[in-house]
Amino acid sequence: MTISKLSRRLVIIFGLGALMPNLSNAQTRLEKLEPVDYVNTLMGTDSKPSLSNGNTYPAIGLPWGMNMWTPQTGKNGDGWQYTYSADKIRGIKQTHQPSPWMNDYGQFSLMPVSGHAEFEQDKRASWFSHKSEIAKPYYYSVYLADHDVTAEVTPTERASIFRFSFNKTDSAFVVLDAFDRGSEVQIIPEKNMIIGYSSRYSRGKLPNFKNYFVIVFDKPFTYQTVWEGDKKLNTNKITGNHTGAIVGFKSKGKNDKIHARVASSFISAEQALLNLNELKDDSFDQVAAKGREIWNSTLGKIEIEGGTHEQHQTFYSTLYRTVFFPNKLYEINAKGETVHYSPYTGEVLPGYMFAGTGFWDTFRALYPLLNLVYPSINVEMQEGLLNCYKEGGFLPEWSSPGFADIMVGNNSASVVAEAYLKGARGYDINTLYEALQHGANNEGPMTAVGRKGVEFYNSLGYVPYDVGINENAARTLEYAYDDFAIYRLAKALKRPKAEIELYAKRSQNYRNLFDPSTNLMRGKNKDGQFQSPFNPLKWGDAFTEGNSWHYSWSVFHDVQGLIDLMGGKKTFVHMLDSVFDQAPLFDDTYYGGVIHEIREMQIADMGQYAHGNQPIQHMIYLYNYAGEPWKAQYWVREVLDRMYKPTPDGYCGDEDNGQTSAWYIFSSLGFYPVCPAMDEYVLGAPLFQKATLHLENGKKFVIESPENSATNKYVKQVKLNGKTFEQNWIGHDTILKGGSFALGMDSKPNTTRGTKENTFPYSFTTDKNKF
């Protein structure tokens, strides 16, 4: 292959704006790529219910956009809507799915077919190959072999353009599938248009729910028909359980492309038509170019240098995942006003609304990442949460798009408190604080909203094991941290002293479950006796998707208090070490079989450390609280190197709405928000030789470790703006001021730095200004 041919091929693959004059080495190629070029949207897609390597799908959309698109390999209604091992595509589907376990809502799909106008999903499905598939964040293309057609799509926030390239034929068709559980389609041939709605959803109760869509083609129809179930009907409009439409075209060949402009709305058909204006008069290529620019701007907020090409791919592929959820549920009406369909009341109401995230996962690192790198979007999200409370009576803990009855905790407290404490302003924080108090002292309309077992928790200081409330120890530990978040916000808002003291006291309820005979957390009965028998390797039962070895570290706000309970730093470090030293044994009797989270721990070869799920993801950083930070540095690098790859099997468990990805982003920068409600990030060790945070306030925070390498993974010394820095943590406000954070790296651990107690991160126990 000549250099000129190679240049052209690289331009096609990577979307470079100009040919590279010198391709003598890989570094030149590395330097020419833009952030979006590193993203592999297929990372994590080689998954199944029994083993998750991410449980992701190629999401084609814009950051926090209302809609995404994905090729659909699974059957209609299958949460595993795209799996890398599949070999057939049934359609290109509009999706709002946060995870396969939550499934989708408001979905519909388009599928080009030739020869025969087939509506049934298995009959219209086509073989495809990843070799003829291009999946970028802003653009998707696939060759559908059975129909000899290439399908492409490029999105805006609420609209998109499709481009279909058929061979010369008068048997070119596009199938619209509006899915089951109630849908409608109408063909309007004089406008080359199809309108309709899908009312399918998987979680909760959604009053008056419809996703209205409008599709406008740029060629007249030569064929048209509507379907209801397996019946073809001689009419232009049909309402039923499972409806769809097929329209046909005369194609002059592959260069005679058929375009479809698509938009949707959760409000009305008229609003869907209005949302179509997002496309303006732009061509397909112009929309794709604008999407590329938006992605480069968003991903470019963090600029990395050094490291390998694969590490760059992993970094930007994970960063891509962090900026989808929660996604916008709001729209802009004809008057230019922000409005939304309320999944709580079924009405169209003013203001922001977001959906599609679970705080049990995302309070840990995803929201801290937003507060650091993308704070303005989180201001909108906080306003959206305020509307959730006004319309639903409680804050959601999982929204999909309304209340979803899944997972435990009251972690909306962390999400709300952290945003305000880290500087978010411009919304009604006092009403949000009222929402936190309401959620902390009441059971909700379903188990996962408010606090299940709140009467026991508030009176006994824990949720008992023997009162019929599942995962009770996990609830207690999370409620205690949530109370700390409320305490911190109450202090900032200058609430009454008695109120501040109440939540401070409740934040110590974790102590009630500490078992000194095992140095672990353990379920406790109503009479004050620990549950018996007790197996710390038993998953579930008193805990959530984990065992006592995973949950015993869930004292984010008072690690020193936990150290004291265990008998001091030496014992504490021994317990941390024991997580990795043990065999990955487990007791699955609570579930009656091996759930995928168990399997993912078992095969990782890291003992009881289960990075594939959230409860233990912060645990590595706790070595910093006990004076042995070099162990955190070692294990962080182990996880970064072994548990993440920019490949279809690139995660070690569920990606979970950006949380597992956010862990990678923070950890590769060299720090992590162990306690999100505090303004501190606990140090690990950076992965790259240089990383620059381009902050929204216009400042730059530059992290430099020029000696960094695969072997030099230990921190030798640290300087902040040229001055020696001894702490095992760095403050949020310090980063926002901009500056230089320089780390000397070595192949051997520095066992003297960070060993003194005055260098340790915050713990409530050692706080001398509690009130």
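Helices (H or I, at least four residues) and strands (E, at least two) are DSSP runs, numbered from the N terminus. The model is predicted: local features need pLDDT of at least 70, side-chain atom pairs count only at pLDDT 80 or more, and totals for chains, interfaces and linings use all residues. Residues are numbered from 1 along each chain as its sequence is written, and side-chain values use heavy atoms, with hydrogens and water left out.

**View 1. Helix H5, residues 284–299.** From its first C-alpha to its last, this 16-residue helix reaches 23 Å, close to the 22 Å expected at 1.5 Å a residue; the expected span is 1.5 Å times one less than the number of residues. Buried residues of H5 include Phe284, Val287, Ala288, Gly291, Arg292 and Trp295, where buried means under 20% relative accessible area, exposed over 50% and partly exposed in between (1.4 Å probe, protein chains only). Asn296, Thr298 and Leu299 are buried as well. An α-helix has 3.6 residues a turn, so residues three or four places apart point the same way.

**View 2. The cis peptide bond between Ser400 and Pro401.** Omega of this bond is about -10°. Pro401 belongs to the loop between strand S26 (398–399) and helix H10 (412–421).

**View 3. The cis peptide bond from Ser532 to Pro533.** Here omega is near 0°. The loop that holds Pro533 runs between strand S28 (520–521) and helix H15 (548–551). Most residues other than glycine have a negative phi, and most peptide bonds are trans.

**View 4. Asn208, a residue other than glycine with a positive phi.** The phi value is near 55°. Asn208 is placed in the loop between strand S12 (193–198) and strand S13 (211–217). With a relative accessibility of 57%, Asn208 counts as exposed.

**View 5. Asp605, with a positive phi although it is not a glycine.** Phi of Asp605 is about 60°. The residue lies in the loop between helix H18 (596–602) and helix H19 (629–642). Asp605 is exposed, its relative accessible area being 64%.

**View 6. The setting of these close-ups in the chain.** The chain has 21 helices and 36 strands. Its radius of gyration is 27 Å, close to the 28 Å that the globule rule gives for 771 residues, so the chain is as compact as a globular protein of that length. That radius is taken over C-alpha atoms, and the globule rule is 2.2 Å times the number of residues to the power 0.38. Buried residues make up 64% of the 771 residues.
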